Amino acid sequence: AADRLGIQYIATGHRARVETGADGVHVLCLPKLRTECRLATLPQETLARLILPLGDFSPEDVAEMAAE
């Protein structure tokens with residue numbers, strides 16, 4: 001859908017981080033959030049386009065920001 005709309009990046013509310021290294025793009029997940037790690041199965045081309053702004057925040061932090 002992003003390609004059809006000409007959208008370069010894809011942002012989601014997943015609490016994970018994407019890091020790029022010499023060996024490719026990787027999704028880093030907190031140990032308690034194994035369900036978020038399903039992102040790691042995405043193709044490298046898709047991972048490189050992900051923006052995950054909540055990756056460094058705890059659930060409590062996110063709830064507090066949402067309340068504000």
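Me: What makes A2, D3, I7, Q8, Y9 and I10 contacts of R49 in this predicted model?
Reply: Each has heavy atoms within 4.5 Å of R49, so it counts as a contact. Neighbours of R49 within four places in sequence are left aside. R49 itself sits in the loop between α2 (44-47) and β4 (50-51).

Me: How do you know that the side chain of R49 and the backbone oxygen of I7 are in reach of each other?
Reply: They are 2.7 Å apart. The cut-off for a polar contact is 3.5 Å, so this value falls within it.

Me: Now to another loop. Why is D23 called exposed?
Reply: D23 has a relative accessible area of 62%. Exposed means over 50%, so D23 qualifies. You can find D23 in the loop between β2 (16-21) and β3.

Me: What makes the D23 and H26 side chains a polar contact?
Reply: The value is 3.0 Å, and the limit is 3.5 Å, so the pair qualifies.

Me: How do you know that β2 and β3 pair?
Reply: Pairing needs at least two bridges, and these strands have six, so they pair. The sense is antiparallel, and T20 stands opposite V25 in β3. The two strands form a hairpin with two residues between them.

Definitions and conventions
Residues numbered from 1 in each chain as written. Predicted model: local features only at pLDDT ≥ 70, side-chain atom pairs only at ≥ 80, totals over all residues. Heavy atoms only, no water. Helix = DSSP H or I, 4+ residues; strand = E, 2+ residues; numbered from the N terminus. Polar contact = N/O pair within 3.5 Å; in protein donor to acceptor, adjacent residues only side chain to side chain. Buried < 20%, exposed > 50% of the residue type's maximum accessible area, 1.4 Å probe, protein only.
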